[in-house]
Amino acid sequence: MSQVPVFCRAATVFLIDKNTEEPQVLLLRRLKPPVNTWRQIAGGIEEGETAWQAMLREVREETGIVLNNLWSADADIRFYVPEMNSFSILPVFVSDVPHDTSITINEEHDAYQWFSFADAKALLSFREQRNMLDLIEEEFITRTPTPHLRIHLPHPQET
């Protein structure tokens with residue numbers, strides 16, 4: 001009997017600014033496959049890291065931003081990887097970052113921009129990403145997230 005394995009080797013984080021007239025989400029345009037697609041920050045979980053620690057590191061590496069808040073979205077993004085005949089599951093995190101925060105993108109991207117949630121959904125390639133924006137808008141913009149989802153970061157930030 002053939003099986004399709006499920007792996008959790010990466011995570012993802014959406015940086016939002018809910019303190020603007022119209023809430024915004026940060027997207028970066030990729031230079032690696034899938035090339036020229038806009039997406040949120042995502043990356044692999046290294047040996048000895050938790051998923052949330054990996055996201056602190058990935059945000060720092062991809063944007064230069066040091067996060068001072070992080071929330072579990074209490075959700076995941078799942079997708080099938082044909083080349084590996086497997087499913088990949090990524091835990092989702094959210095951080096509220098002012099859109100005027102200085103950003104320095106790394107070599108993985110050629111552009112970044114803050115978008116309204118509606119504009120971001122129009123740009124995102126994958127249904128799971130768009131669905132996640134709906135969930136984030138509902139749970140982190142429209143409502144105040146439950147404090148049980150807040151990840152208590154070490155101060156100063158140590159990962």
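Residues are numbered from 1 along each chain as its sequence is written. In this predicted model local features need pLDDT of at least 70 and side-chain atom pairs count only at pLDDT 80 or more, while totals for chains, interfaces and linings use all residues.

**View 1. The largest pocket has a volume of about 480 Å³.** A pocket is an open set of points on a 1 Å grid over the protein atoms alone, where a 1.4 Å probe fits, with protein on both sides within 12 Å along at least five of seven lines, and its lining residues have an atom within 4 Å of a point; the volume is the space filled by probe spheres set on the points. Of the 21 lining residues, Arg39, Phe79, Leu90, Phe126 and Gln129 are the closest to the centre.

**View 2. The second largest pocket has a volume of about 190 Å³.** Its lining is formed by Phe7, Arg9, Phe79, Val81, Met84, Ser86, Phe87 and Ser88. Strand β7 (86–96), a DSSP run of E of at least two residues, gives the largest share of this lining, three residues.

**View 3. Helix α1 (residues 51–63) is mostly covered, with eleven of its 13 residues buried.** A helix is a DSSP run of H or I of at least four residues, and buried means under 20% relative accessible area with a 1.4 Å probe, protein chains only. Among the buried residues of α1 are Trp52, Arg57 and Glu62. After α1 comes Gly64, which has a positive phi, near 80°.

Definitions and conventions:
Side-chain values use heavy atoms; hydrogens and water are left out. The expected span of a helix is 1.5 Å times one less than its number of residues. Buried means under 20% relative accessible area, exposed over 50%, partly exposed in between (1.4 Å probe, protein chains only).
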